[in-house]
Amino acid sequence: AVVARAKQVEESKSDEAQGASSSSSGSGGEGSNALAELFGEATSMFESIPTRYQIIIGMAIAFVICNMDRVNISVAIIPMQQDYGWTPTQAGLIQSAFFYGYLLAQLPGGWLANKYGGERVLPFGVFLWSVATFAVPFLSGDTGALYLSRAAVGLGEGISPPAAVDVIARNVPVTERSRATTFVFGSMHVGTISGLLIAPALIKVLGWPSVFIVFGLLGVGWCWWFDDFISSKRSKAAGSGVEGAAKALEEPPAAKKELAAEAASNASNASNASTTSDLSEGEGPPFSSLEEEKVRGDVPWGAIVKSTPIRALAYIHFCNNWAQYAILAWLPTFYSESLGVELHEAAQLSLLPAFCGILVSLVAAPLADSLVSGGMGVTRVRKIMQSVAFIAPSACMVACTASEDPQLATWLLPVGIGFQAFSLAGLYCNHQDLSPKYASVLSGATHLVASLPGVFGVPFTGWLLDHTGSWSVSLFAPCLFFYVSGIAVYAKYGSGDQQNFASLPEP
């Protein structure tokens with residue numbers, strides 16, 4: 001009887017264990033099913049929106065990864081320097097290698113995007129910078145190879161903005177352009193914040209090599225997804241039985257129509273207006289076709305260089321980046337040395353400009369598009385947006401300099417820098433306004449000029465600080481000069497009207 005009772009107890013326990021296991025398995029299955037359903041709903045929602053919006057979201061994700069890979073070295077350089085015994089000069093050279101690659105990539109990137117289409121060039125850029133990022137831990141023992149790797153990251157990220165501009169110019173109507181441009185390039189703020197928050201956590205748990213490996217794999221994964229996305233869209237357009245869909249990749253897009261408009265005497269404005277209307281009413285061709293590439297023709301470099309609005313745009317882009325690079329590079333040091341803020345607190349405060357930029361862009365982009373939709377001229381809208389982008393930080397800098405309260409700068413300066421996000425609805429949209437066909441080339445040209453502050457402006461600020469010992473003279477005064485002069489130049493010579501390069505003779 002005792003033995004029988006023991007067997008009953010054991011069988012009861014076994015049944016309970018099996019029940020618990022089954023319950024756990026069922027719970028896990030339910031969780032997996034819930035995730036699968038959530039993913040399916042997200043995918044369905046994504047596929048239900050217009051193609052041009054899918055493209056914009058995809059590019060925005062790429063630029064989040066872009067800035068994650070750009071800022072990761074600023075965090076990882078500290079343990080790397082300790083491991084390899086680098087001097088500050090060596091560490092500085094390794095970090096600056098990015099800007100040399102970025103500088104060299106601008107014009108080639110614009111030309112490639114104009115010739116082959118931005119949707120082809122962008123994945124190449126993402127793949128290049130991602131592989132170069134992934135390779136850092138394997139090359140870090142050789143400073144020369146590491147320098148080249150970081151320069152390759154700059155090359156990949158350098159050809160990407162012109163490619164994105166080309167895609168936006170050919171797929172997004174002018175009434176949506178500010179929001180599209182801001183959404184894509186504003187995502188770089190998200191990348192900055194994500195990179196500066198995720199990198200320290202990865203380093204603490206897995207060591208500094210993990211930062212480059214994980215971030216590099218993210219970029220490669222994006223390339224795989226985007227390539228599959230592009231291929232599926234092309235296949236659907238080419239294989240559809242509907243005549244309109246079958247011709248989707250052969251119809252002339254905005255850039256091709258603009259070329260025809262330029263060739264038509266006294267008909268440019270009417271043709272351009274028709275182009276915008278066509279894009280606003282329908283999807284339009286989402287990607288460039290081989291037929292389109294044949295009519296792209298040679299880039300009118302001489303006419304572009306002679307264009308006064310483009311020269312003004314290049315200068316104001318330079319002014320914008322001088323302030324952005326100089327302030328963001330020296331802001332932690334300014335907080336630490338001038339205001340007595342602890343180093344970890346200074347690093348946290350350095351995230352504030354990116355947060356403010358995100359919030360400001362949520363206002364600037366819809367405002368600009370609503371003004372254009374309401375009938376205000378594109379030129380006037382761009383000048384208003386750009387003026388706000390420079391006036392607000394100028395006022396904040398003057399207030400910080402004049403005030404005797406050192407704590408004022410801890411929050412007012414980041415707010416002022418955040419207002420530079422109005423540039424996303426100003427100068428960053430202007431390339432597409434001036435010429436949808438050559439927008440990528442114009443973007444590459446002005447980005448080339450605007451990259452110079454990263455190479456020369458940041459060390460020049462340090463040189464001034466060494467010789468003057470004054471933050472007002474070394475950091476704030478040059479920024480104020482470029483803010484004010486940029487407003488003046490753009491107000492007088494800037495334009496949002498499409499440029500007829502065919503009417504400008506080559507020199």
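Which helix does tyrosine 116 lie in? Select tyrosine 116 and you will land in helix 3. Helices here are DSSP runs of H or I with at least four residues, and strands are E runs of at least two, numbered from the N terminus.

Before we go on, a word on what is on your screen. This is a predicted model, where local features need pLDDT of at least 70, side-chain atom pairs count only at pLDDT 80 or more, and totals for chains, interfaces and linings use all residues. Residues are numbered from 1 along each chain as its sequence is written, and side-chain values use heavy atoms, with hydrogens and water left out.

**Stop 1**

**Stop 1: salt bridges**

How many salt bridges does the structure hold? There are 8, where a salt bridge is a side-chain nitrogen of Lys or Arg within 4 Å of a carboxyl oxygen of Asp or Glu.

Select arginine 52 and glutamate 176, whose side chains meet in a salt bridge at 3.1 Å, N to O. This pair links distant parts of the chain, 124 residues apart: arginine 52 is in helix 2 (residues 51-84), while glutamate 176 is in the loop between helix 6 (143-171) and helix 7 (177-206). Both arginine 52 and glutamate 176 are buried.

Next, pick arginine 70 and glutamate 157, another salt bridge, with the closest N and O atoms 3.1 Å apart. Here arginine 70 in helix 2 is linked to glutamate 157 in helix 6, 87 residues apart. Arginine 70 and glutamate 157 are both buried.

Then try aspartate 369 and arginine 179, which meet in a salt bridge at 2.6 Å, N to O. Aspartate 369 lies in helix 16 (residues 352-373) and arginine 179 in helix 7, so the pair ties together parts that are 190 residues apart in sequence. Are the two partners buried or exposed? Aspartate 369 is buried, with a relative accessible area of 1%, whereas arginine 179 is partly exposed at 41%.

**Stop 2: aspartate 433**

Move to aspartate 433, in helix 19. Aspartate 433 counts as buried because its relative accessible area is 3%. Its side chain makes a polar contact with the side chain of arginine 177 at 3.0 Å. (A polar contact is a pair of N or O atoms within 3.5 Å; within protein, one must be able to donate a hydrogen and the other to accept it, and residues adjacent in sequence count only if both atoms are side-chain atoms.) Leaving aside neighbours within four places in sequence, the residues in contact with aspartate 433 include Val174, Val378, Arg382 and Gln498; contact means heavy atoms within 4.5 Å. Valine 378 is 55 residues away along the chain, and its C-alpha atom is separated from that of aspartate 433 by 7.9 Å.

**Stop 3: serine 435 and helix 20**

Select serine 435, in the loop between helix 19 (427-434) and helix 20 (439-450). Serine 435 is buried, with a relative accessible area of 0%, and its side chain reaches the backbone nitrogen of tyrosine 438 at 3.1 Å.

Follow the chain into helix 20, which is mostly covered, with 9 of its 12 residues buried. Among the buried ones are Ala439, Val441, Gly444 and His447.

**Stop 4: serine 474**

Finish at serine 474, in helix 22 (residues 471-493). What does its side chain reach? The side chain of serine 474 reaches the backbone oxygen of serine 470 at 2.7 Å. At 0% relative accessibility, serine 474 counts as buried. Leaving aside neighbours within four places in sequence, serine 474 is in contact with Thr461, Leu464, Leu465 and Thr468.

Methods
Buried means under 20% relative accessible area, exposed over 50%, partly exposed in between (1.4 Å probe, protein chains only).
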